[in-house]
Amino acid sequence: MFDREAYNKRMEWYLHDRFGMFIHWGLYAIPARGEWVRSFEEIPKEDYMQYFEEFDPVDYDPKKWARAAKEAGMKYVVLTAKHHDGFCLWDTQTTDFKATNTKAGRDLIREYVDAVRAEGLKVGLYFSLLDWYHEDYPHYGDQNHPMRNHPEYSNENRDFSRYVSYMHEQVRELCSNYGKLDVLWFDFSYGDMRGEKWKATELIQMVRSLQPDVIIDNRLECSGEGFGSLYECNPTPYHGDFVSPEQIIPPQGIRDVQGNPLAWEACFTMNNHWGYCGTDTEFKPAPMLIKKLVECVSKGGNMLLNVGPDAKGNIPEESMAILEEIGRWMKKNSDSIYGCTMAGMEKPDCGRITRKGNLLYYHVFENSIGPLPLPGIQKEQVKKIRMLATGREVPVSHAWMHNDYPDVVFADLGTNPILPDPVDTVLEVEITESK
């Protein structure tokens, strides 16, 4: 039975915080061709094991990762405890294919959760439902397995139920041994591998018994596409708490079939790969990512921005520079992100609007000729307008040139045609009543 009250309560912090860091990191940082390298290149297990033998992240310091997230204005972090290759970053008792058996020689998840909590951030763990290492996971003919096209890797004598028990036990360990988890990010369902194929009801009952307040994505039902049963207003026992669009921002945000706003989080990469890729230099510039964060919030969503640390455990310099630039903007303008959501108004020509109660945040991406129109409000509603970054007053304009538009509020930004912040100048407009 879906408990709306309990759902709303556990979602409060998540819908307030809006901005998180995704971290994809594992053995695949060594070949450095992305986290799907074993599948894309159909690498046999024996050949992939060289990376297990070599794995030695001498610079691994999750305190640096957590600090970088906090400085960027992020409020929660999600790390890949296990990706599709099956390698575990924690000291699991279920397999020898784990960080403690590499040259690292220690539980990397323990250090991560401690570091993230120490910075006052929320702790998230990503866990792949897929596992290309386990012998009982389907090989030949599977949609994604590295050996999918190799009939010599027949599925005869593979027992999927044995794999599901193994997978459940790994989730139990993560939910039992690392204190309070704030986000559990499952990935992903495909074909007939969804829902009860994973024994999802049983899995979530176990998770909720151990972590009653954890927020869970919708990928026991879906992949990066598909909205899930909460969207259908007929939630399964394993419904996702939020929808997880990947590498896209929903054009209109997401509402359920009854038209009510639905929690969602757009996750995407800084370049074109989740895991470290040594040749991928196509990084999204910080000004673009700042505007994408604003876009997500203006549509009622969160943004989970990925970094892929290298084989030694360092976040790439390009990513660090981008995070620092985002952080400089957030230090001055985070009030227009945290606790904000869609404004219920049309998108203005100048940029976007986010809202927190009676405070409207006009994100000005481009200047106007003459005073700046603020659509969606009336003059009598305006209590005050302030430049969010500095707190300086912005007067309502009474200039002659907009006399033909008596029903539109115009803000007087002064005579300088260059905006104070060329990326996003934010006006905080306090109005007298909610519309």
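This is a predicted model: local features need pLDDT of at least 70, side-chain atom pairs count only at pLDDT 80 or more; totals for chains, interfaces and linings use all residues.
A residue counts as buried when its relative accessible area is under 20%.

**Cysteines**

A disulfide is a covalent bond between the sulfur atoms of two cysteines. The structure holds zero disulfides. Take Cys267: its sulfur lies 10 Å from the closest cysteine sulfur, in Cys296, so the gap is too far for a bond. A disulfide would need the two sulfur atoms within 2.5 Å. Cys350 is in no disulfide either.

**Helix α6**

Helix α6 covers residues 160-177, which is 18 residues. At 1.5 Å a residue, the helix should span 26 Å. Its end C-alpha atoms are 26 Å apart, so the two values agree. Several α6 residues are buried, including Phe160, Tyr163, Met167, Leu174 and Cys175. What do the buried residues of α6 pack against? Their partners are strands β2 (76-82), β3 (122-128) and β4 (183-187), along with helix α7 (200-210). Just after α6 comes Gly179, with a positive phi of about 70 degrees.

**The cavity**

Rolling a probe the size of a water molecule over the atoms shows where empty space is left. Searching the whole structure turns up one cavity of 30 Å³ or more. The largest cavity holds about 30 Å³ of space. Its lining includes Trp25, Tyr28, Lys82, His83, Asp85 and Phe87. By type, the lining residues are five nonpolar, three polar and two charged.

Terms used. Residues are numbered from 1 along each chain as its sequence is written. Side-chain values use heavy atoms; hydrogens and water are left out. On a 1 Å grid over the protein atoms alone, a cavity is a set of points where a 1.4 Å probe fits but cannot get out, and a pocket is an open set with protein on both sides within 12 Å along at least five of seven lines; lining residues have an atom within 4 Å of a point. Grid points are joined across faces, edges and corners, and a volume is the space filled by probe spheres set on the points. Ala, Val, Leu, Ile, Met, Phe, Trp, Tyr, Cys and Pro count as nonpolar, Asp, Glu, Lys and Arg as charged, and the others, Gly among them, as polar. Helices (H or I, at least four residues) and strands (E, at least two) are DSSP runs, numbered from the N terminus. The expected span of a helix is 1.5 Å times one less than its number of residues. Buried means under 20% relative accessible area, exposed over 50%, partly exposed in between (1.4 Å probe, protein chains only). Contact means heavy atoms within 4.5 Å.
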